[in-house]
Protein chains: 2
Amino acid sequence: MMKSNVAEILKSGTVLQEIALKGWVRTFRSNRFIALNDGSTINNIQCVIDFENTPEETLKRITTGAAIAVKGTLAESQGKGQSVEVQVSEIEILGDSNPDEYPIQPKKHSFEFLRENAHLRVRTNTFGAVMRVRSKLSFAVHKYFQDNGFNYVNTPIVTGSDAEGAGEMFRVTSFEDNKAPVTEDGKIDYSKDFFGKETNLTVSGQLEAETYAMALGKVYTFGPTFRAENSNTTRHLAEFWMIEPEVAFMDLDGNMDLAEDFIKSVLGYVLENCKDDLAFLDQRLTQEESKLPQAQRSDMSLLEKLKFVADNNFKRVSYTEAIDILRNSKPNKKKKFQFPIDKWGADLQSEHERFLVEKHFKCPVILFDYPANIKAFYMRLNEDGKTVRAMDVLFPGIGEMVGGAQREERYDVLVEKMKAMNIDEKELWWYLDLRKFGTAVHSGFGLGFERLVQFTTGMGNIRDVIPFPRTPQNAEF
Amino acid sequence: MMKSNVAEILKSGTVLQEIALKGWVRTFRSNRFIALNDGSTINNIQCVIDFENTPEETLKRITTGAAIAVKGTLAESQGKGQSVEVQVSEIEILGDSNPDEYPIQPKKHSFEFLRENAHLRVRTNTFGAVMRVRSKLSFAVHKYFQDNGFNYVNTPIVTGSDAEGAGEMFRVTSFEDNKAPVTEDGKIDYSKDFFGKETNLTVSGQLEAETYAMALGKVYTFGPTFRAENSNTTRHLAEFWMIEPEVAFMDLDGNMDLAEDFIKSVLGYVLENCKDDLAFLDQRLTQEESKLPQAQRSDMSLLEKLKFVADNNFKRVSYTEAIDILRNSKPNKKKKFQFPIDKWGADLQSEHERFLVEKHFKCPVILFDYPANIKAFYMRLNEDGKTVRAMDVLFPGIGEMVGGAQREERYDVLVEKMKAMNIDEKELWWYLDLRKFGTAVHSGFGLGFERLVQFTTGMGNIRDVIPFPRTPQNAEF
């Protein structure tokens, strides 16, 4: 069979075969050399036109972005930069691309400009590479869990519960705006809304995933989650994909082992399966950093960083130890932290996490056993009565990659905690049922997928690692 | 290493090994025999208690649903129904389950009752099996596309576009109910909402997926989609997961090949990887159907049906041929159809699809080349000027499993069609751009994942193949 795409042809390398290809023109030079890309790989294939026997009219239409079909022979290349090329015998223009109008020209475009053209930006080398890596990374996630006996669970996106407590929620409704029916006492009559109650977009599938872990043993979610928070940063999205494994009979130590093994494994998978794209992204980042002052450049290249994380143990440090380190750190003593650390119990800010990860340990760090009062209601209380079995995995350049915990499995303790934190027991009756019927130690974590893609691809802004980012004041496309 | 779950232990079968297990009691009989399940397989492992040396207090607490830990030796079983069993040396009750309160008793519960206990129903054989098969089927989807060079694309869930035209949408907002700000002319001021515009939950990722296909070549989505339609049927959900591949340079024939190959392949995967669960579901369905009159029973068992579909070609029939068949069919002539078929151009109803699939062809059927005016604006017009390159894949017992089309790639034709159908060109500027810059033939389809799970598991109601179903008046859990 004829090879059907550029990736396969470049891989096979068998010269003198007849081939037929369809793709898009990246560049066309000297009226002879087409760099053709079909999305199957970051690499273009050079197609050499017999320009003397090609009508002038056709040559004019070979422009950046045009879709073409070529037939010809694969031959060893005489030129530099590629080992094989296509000696074209037939060319057909499938779809033109007017060079005066086409926004994606063979030059450097700013990421801001490309975000406004998110429907076309994936036609560039950088975004093509990022999105292929994202795809492979997704598959690595599924493969890891499936290979390890986990069941994929699709927890609901529209939820009637607002007790998840992970952040501000978007409302979902079928009411017309400002025309929701009201009851006699003037309240909104949600019984008349589509779902018969007030509904929101989920912020986490954890609570529902727990119900499945307590039956199937090991489960994971991988789906969209939402935060209606006005965070205009390079690491927040209003809509993002989250991975949430949950395992029965597993304690926090097992949870830390799982998170570390999982991250190393998926990075190993893309290192093995995205070599060309990662090599390109590695170069891109090095080039970008070369413009920065020496002090702001990374010690390691992208590839070195990925290999380092895949091959080295994460540092595990209790919150209490971390506070000691921070309290005695230079920036704290020199009052360089915006939020100085003076006593146990403080919530750690991004600046503290970055210090620990980037300056002190210089590797991914797992912090565990946080103060109970800065963490969620469902986390298991330690015997000390003041810390909970929570963990955060912190990554250089990214900050929090994973947040997880051993869950409070004791009915009485959980109810007391919910009361103290003003969480409605009636609404979470089903969550409490898990502690009433066959309860057991169990744990899990959430990993923001886009942060993992950011780390893997070296992209600085989270809006550039998801096809159509949703952020405050932006839901284009 | 000690084997850690029931599936592995039953598979290894090595007797005389020391094992430790945690799981939930399914049944306990004769104060001796525990059927233990840990979710890793539908099969329980029999754990035999030395009841004379076990405290009365402990024996009492071994009840259905209780979580326990056992240690002991794996031995050949003397009893019937299992080849190995655990001779228990140590037992610990991890979490009790009060038999007077626990809803899931070892007896037959109605599916309606279990839906009200969706947080616990996965602890039953049927739902455990269904959800394990669902998980494997999901993985088969990803594996198929990744093995065939497709890139996974996460299209947006919150969308600013309401032009997708696939159905009624839910609104997403941060406004307080009935307190949305209004402009001077009395309209809702969406510029003050979170996204700065009116936003909805997506009904399809197709349009966005097309933008990626026209750069990466082959892509697929697999994510939640939404319909705000008041359909209380056994095959509709307000929130469901959809699979949407989209391929550049592929025409409708290629699209039909892809849909057929895809479905056969994922069924083949679960037939190979879910043997125990499918055997159970096969038996369950046969038992259920045995209560029906002979005429209402299936010709084939569940497993036979799955193998039949995996091994036989789908029948491909044009809409025009189908209308001929229907017009001349017995039920049409005897006026048994609620909607009689008298002329070309009629939209096919469920009764017609069922006749074609279940009575006439007795196999999955692909209908193609539908009348343009009953299909969406983006489908490619045929040379006859009245049909479009649309296709539906119809399945016995399910109806429409797949809907797809070759997309209109000609800018002028598409614009004209949008005008005729009153679709705002300005809103879909980016979709039109695909036809302006490097356009080419391309095609794709959408497959409702839950219908595939229904077919694969033989479950009659779509609410029973998704963990927490969302339907009109229901968003529990």
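How are α12(A) and α13(A) oriented to each other?

Modeller: This is a predicted model, in which local features need pLDDT of at least 70 and side-chain atom pairs count only at pLDDT 80 or more, while totals for chains, interfaces and linings use all residues. Residues are numbered from 1 along each chain as its sequence is written, chains are lettered from A and ligands numbered from 1 in the order in which they are written, and side-chain values use heavy atoms, with hydrogens and water left out.

Two packed helices are described by the angle between their axes and the distance between the axes. Helix α12 of chain A covers residues 411–420 and helix α13 of chain A residues 429–436; they pack at about 155°, with their axes 9 Å apart. Here helices (H or I, at least four residues) and strands (E, at least two) are DSSP runs, numbered from the N terminus. Axes are lines fitted to C-alpha atoms, for helices over the stretch in contact, and angles run from 0 to 180 degrees between N-to-C directions. α12(A) and α13(A) are therefore roughly antiparallel to each other, a term for angles over 145 degrees, whereas those under 35 count as roughly parallel, 65 to 115 as roughly perpendicular and the rest as oblique.

On the α12(A) side, Tyr411(A), Leu414(A), Val415(A) and Met418(A) take part in the meeting. Their partners in α13(A) are Tyr431(A), Leu432(A), Arg435(A) and Lys436(A), contact being heavy atoms within 4.5 Å. An α-helix has 3.6 residues a turn, so residues three or four places apart point the same way.

Of the 477 residues in chain A, 59% are buried, that is, under 20% relative accessible area, with exposed meaning over 50% and partly exposed in between (1.4 Å probe, protein chains only). Among contacts in chain A between residues at least 6 apart in sequence, 67% join residues at least 24 apart.

Chain B can be laid on chain A with an RMSD of 0.0 Å by a turn of 180° and a shift of 0.0 Å along the axis, superposed by least squares on the C-alpha atoms of residues with pLDDT of at least 70 in both. The two copies are thus related as by a two-fold rotation axis. In chain B, the C-alpha of Asn178(B) is the nearest to that axis, at 1.8 Å.
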